[in-house]
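Work through the exercises below with the structure open. Try each task before reading its solution.

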Amino acid sequence: MRPKLKKHLFCFIAITALFWLAPPGTQAQSQASNGQIEGTVVDSNNAAVPLAFITVTNIQTGTGRSVSTSETGVYRFPLLPLGKYRIDAEAQNFKRFSREGILLAGGQTATIDIQLRTGTVDESVTVSADSAIADSGKTDISRVMDTREVVNLPLINRNPLSFGFLQTNVTGRQGRGSFGFTRLSANGYLYRVNSLLDGNTNTVYTTLGRLANISEVFVSEVQLVTNGFAAEFGDTPGLIMNVITPAGTNELKGSFSYRFRRPSFYSRPFFFPAAALPDNETNIFTATVGGPIFKDRSQFFFGFESLYRDDKATSSRLITITPENRNALIAAGLSPSIFPAAIPSVERGKFYLFRSDSQLNEKNRLTARFNLAHASVDNNPQGRLNTLERTLDAFAVSWSAATQLVTYTPSVLNEFRFQFARRRPGTKRNELSGTGPSIMITNVANFGSPLNVDTIFPPLDVLQFQDNLTRTFGTHVIKFGGGLARHNYRERQLIFSQYRFA
């Protein structure tokens, strides 16, 4: 054998040996959109109880799963849907054990060790008070923002990427408005963020922005990982940001909200009238509803948001052309109307999300999601040296469809994920856009026709497959798999003329 091949073979054998010699639980790592419950069952003398029958039940959906403990008393439930669980344990010559209030978050491995008391199965011991759950198998540096945190934290720009600032070693700047790209840097790497939606890629690698815009009300949890990524993650040395969408339950419930902003709410000197402020107006309507399709078997969630934001107060919209240069340009023939104090901007957006979770049978569970976003910005370019003539309207239509099929037996679990996503941006001229040539006078003003106007870019398509197989061998677990993501992206530039003057 060649020396290089021998070296690779030796490394493979060494890693395999370390895996089998490692204690149970050390291989556990974050999962994309699921959680895991595991632990050990012992008697009052701390001796292992083999072949104990363990059942976990999702209290919100009624679905459950059962396994038997190994010879060493170990049990494990990988790839569980997120939510609140109850765990039951039964064994011959022992009282029945039940524990409620186990809240499972995204990527979490909840370790629930059980001690059975001598008695009959007709007798029971119930633990109803919830307490802190150890995550002893955690190998990454991460945190999970649960639903309570997501709902209560203020998010002015309504861009879920901004939640990334709450993770250690993450810095950056927020994007303008609801559709601006939030730039995040992690671990010293500039803009190296892998944005995921339910474990599927949601990153535009050419701009480092979101592939699909989603509403804040479509966010159930946010998983933030900066180091020690599981093998199914990657594509970055910086931050993994996985946004998890809500799932329906057996209880029919929903929400409605109206958010608004007016100039009279703005901070200002006491005698400064609100009427003197720019006429800014924001109206945001959201609605969600979720419930059962078939109780204990299938649930749904639907969300909607309509956004309108008329923004005239942002500093980047201010026109900074000096009065002397403005008067000279007007004297040369330009219209005074193209020199307002600030360029008006209007953001419009409609967002939709539908998700269903179904227990097909005892061994198969299917999750399907579809989300759609129509986003547009009137008078998109910023102010500064740009006159009103250089403005145009920008828009983007994005959608994605994704499924997850989980198949499980007592010792083998398989997770298959599929996604197809598309984003199609474009620009168009409006009634304020200039005509004729584009003129740029360095450090003075830019006027005339806007650049790259009336362009509909070819769509960005992403096709993704991912399959992960988990195999349990007594107290040990091995997880392996692979994925393929095909990004089809072309960029087209219009031919235009821009005249530059010193």
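**Exercise 1: a stacked ring pair**

Y258 has a relative accessible area of 37%, so Y258 is partly exposed (buried is under 20%, exposed over 50%, partly exposed in between; 1.4 Å probe, protein chains only). The model is predicted: local features need pLDDT of at least 70, side-chain atom pairs count only at pLDDT 80 or more, and totals for chains, interfaces and linings use all residues. Residues are numbered from 1 along each chain as its sequence is written, and side-chain values use heavy atoms, without hydrogens and water.

Task: classify the ring pair of Y258 and F285.

Solution. 
- A pair of aromatic rings is described by the distance of the centres and the angle of the planes.
- Recall the cut-offs. Rings of Phe, Tyr and Trp (its six-membered ring) pair if their centres lie within 6.5 Å; planes under 30 degrees apart are stacked, over 60 edge-to-face, the rest tilted.
- Count the pairs. The structure holds 10 aromatic pairs.
- Apply the rule. The centres of Y258 and F285 are 4.7 Å apart and the planes meet at 25°, so this pair is stacked.
- Place the residues. Y258 belongs to strand β19 (residues 253-261) and F285 to strand β20 (residues 281-294), 27 residues apart. Strands are DSSP runs (E, at least two residues), numbered from the N terminus.
- Widen the view. Y258, F260, F265 and F285 make up one aromatic cluster.

**Exercise 2: a second pair**

Task: is F465 buried or exposed, or does it fall in between? Then classify its pairing with F416.

Solution. 
- F465 has 34% relative accessibility, so F465 is partly exposed.
- F416, at 30%, is partly exposed as well.
- The ring centres of F416 and F465 are 6.4 Å apart and the planes stand at 40°, so the pair is tilted.
- F416 is in strand β25 (residues 412-428) and F465 in strand β29 (residues 460-473), so the pair ties together parts 49 residues apart in sequence.

**Exercise 3: an open sheet**

Task: which strands stand at the edges of the sheet?

Solution. 
- Write the order. The open sheet of 5 strands runs β3-β2-β5-β6-β9, with mixed pairing. Two strands pair if DSSP finds at least two bridges between them.
- Read off the ends. β3 (64-68) and β9 (124-127) each have a single partner strand, so one side of each lacks a neighbour in the sheet.
- Look inside. β2 (residues 53-58) and β5 (residues 83-90) run antiparallel, joined by 6 bridges.

Technical notes: Helices (H or I, at least four residues) and strands (E, at least two) are DSSP runs, numbered from the N terminus.
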